[in-house]
Amino acid sequence: MKQLTVISGKGGTGKTSVVASLATMAGKVVLADCDVDAADLHLVLDPVPMNSHPFSGGKQASIVAEKCISCGRCQELCRFDAVIGPDRAEKNTETPFRIDPTACEGCGVCAHFCPVEAILFNDAQNGEWFISETRVGPMVHAKLGIAEENSGKLVSLVREEARKVAQKEALSTIIIDGSPGIGCPVIASITGTDLALLVTEPTMSGLHDLERVADLTAHFNIPTVIAINKWDLNTGMTNAIKEVASRRELPIVGLIRYDRHVTQAQICHKAVTELDSAPAAEDLNNLWKIVAGILLEQA
């Protein structure tokens, strides 16, 4: 089983569009949308959920009104101002103390030190993950709740479930739509992957963020290649990216031209490779041939 992770140093480079296009050319594969903070691969592939599961990335406190003696110890110890006391309590509440769920960080200090054990400390539901069917194969994806955290843990869960689906259905390739940037979700997206495809754009920020994410993959010893999206919009910056890639000994495996058909395809919930006569489709087809060859050589 081979895992290809497509990432970018910044959002908006066309990473997800590239993932969808590669999936249409790869035959039946397993897809894992690990951009759980802002998932959008479903907008192109129209997945049909087969089942869904809650995701708990941490715990959250809550006060049992019948047990609370209003001593204020929880409010005194909370570093996150998550305990609302009498000075902030609404009228007609059962207890003058309650937990603000949007401020609670799940540290557990209040529950540990409550003298009458009036504070529950249970698993919090931070999001939901799904196994779905698409026209290119099964897809594992997820969404976090508003302002929820622990997306790195959810990414790891999505990848593990994608691996299980691949084993169950005897599919040899997993294509992962990773998170942008260099944070915890990205690390969870690339750890143990067979190949990282960095999608960048010919802008100063694209080049800067490409170097940051290239440092990250180098740190984890992940084989890495580069694709430059919309390369023809700024040939000067494209040449600068080529120089950086050459210095870092990172192969450029794809140059994808700017193509208005990409937007047309997205409006139709399709990958650009599914449209007739889209110039960028040829570039993406060449990109997949090279990437597939690299994965095959690793076998």
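This report describes the fold, the pocket, the cores and some individual residues of one protein model.

## Overall picture

The model is a predicted one, in which local features need pLDDT of at least 70 and side-chain atom pairs count only at pLDDT 80 or more, while totals for chains, interfaces and linings use all residues. Residues are numbered from 1 along each chain as its sequence is written, and side-chain values use heavy atoms, with hydrogens and water left out.

The protein has 10 helices and 13 strands, where helices (H or I, at least four residues) and strands (E, at least two) are DSSP runs numbered from the N terminus. Its C-alpha atoms fill a box of roughly 70 × 40 × 35 Å, taken along the principal axes. Of the 299 residues, 48% count as buried; buried means under 20% relative accessible area, exposed over 50%, and partly exposed in between, with a 1.4 Å probe and protein chains only. Among contacts (heavy atoms within 4.5 Å) between residues at least 6 apart in sequence, 77% join residues at least 24 apart.

## The largest pocket

The largest pocket has a volume of about 550 Å³. A pocket here is found on a 1 Å grid over the protein atoms alone, as an open set of points where a 1.4 Å probe fits, with protein on both sides within 12 Å along at least five of seven lines, and its lining residues have an atom within 4 Å of a point. Grid points are joined across faces, edges and corners, and the volume is the space filled by probe spheres set on the points.

The lining holds 33 residues, of which Gly-14, Lys-15, Ser-17, Val-262 and Gln-266 lie nearest the centre of the pocket. Helix H1 (15–25), helix H2 (42–45) and helix H9 (261–267) each supply at least two lining residues, and H1 gives the most, with 6 residues. By type, the lining divides into 13 nonpolar, 11 polar and 9 charged residues; Ala, Val, Leu, Ile, Met, Phe, Trp, Tyr, Cys and Pro count as nonpolar, Asp, Glu, Lys and Arg as charged, and the others, Gly among them, as polar.

Helix H1 is largely enclosed by the rest of the structure, because 8 of its 11 residues are buried. Those buried residues are Lys-15, Thr-16, Val-18, Val-19, Ala-20, Ser-21, Leu-22 and Ala-23. Just after H1, Gly-27 takes a positive phi of about 80°.

Asp-177, in strand E10 (residues 173–180), is buried with a relative accessible area of 0%. The side chain of Asp-177 makes a polar contact with the side chain of Thr-16 at 2.8 Å, a polar contact being a pair of N or O atoms within 3.5 Å of which, within protein, one must be able to donate a hydrogen and the other to accept it, and for which residues adjacent in sequence count only if both atoms are side-chain atoms. Beyond four places in sequence, the residues that Asp-177 touches include Lys-15, Val-19, Ala-32 and Asp-40.

## Nonpolar cores

The largest nonpolar core has 34 residues, and those with the most contacts inside it are Leu-4, Leu-31, Leu-197 and Leu-287. Such a core is a set of buried Ala, Val, Leu, Ile, Met, Phe, Trp, Tyr and Cys residues joined through side-chain atoms within 4.5 Å. Among the elements that each supply at least two residues of this core are strand E1 (2–8), H1, H2 and helix H10 (279–297), and H10 gives the most, with 7 residues.

A second, separate core of 20 residues includes Val-30, Ala-32, Trp-129 and Val-155.

## Loops and helix H8

Asp-194 sits in the loop between helix H6 (184–190) and E11, and its side chain reaches the backbone nitrogen of Gln-3 at 2.7 Å. Glu-249 lies in the loop between helix H8 (235–248) and E13, with a positive phi near 60° in a residue other than glycine, and is exposed with a relative accessible area of 70%. Ser-277, in the loop between H9 and H10, also has a positive phi of about 60° although it is not a glycine.

Met-237 is found in helix H8 and is buried, with a relative accessible area of 14%. The C-alpha atoms of Met-237 and Leu-120, 117 residues apart along the chain, are separated by 56 Å.
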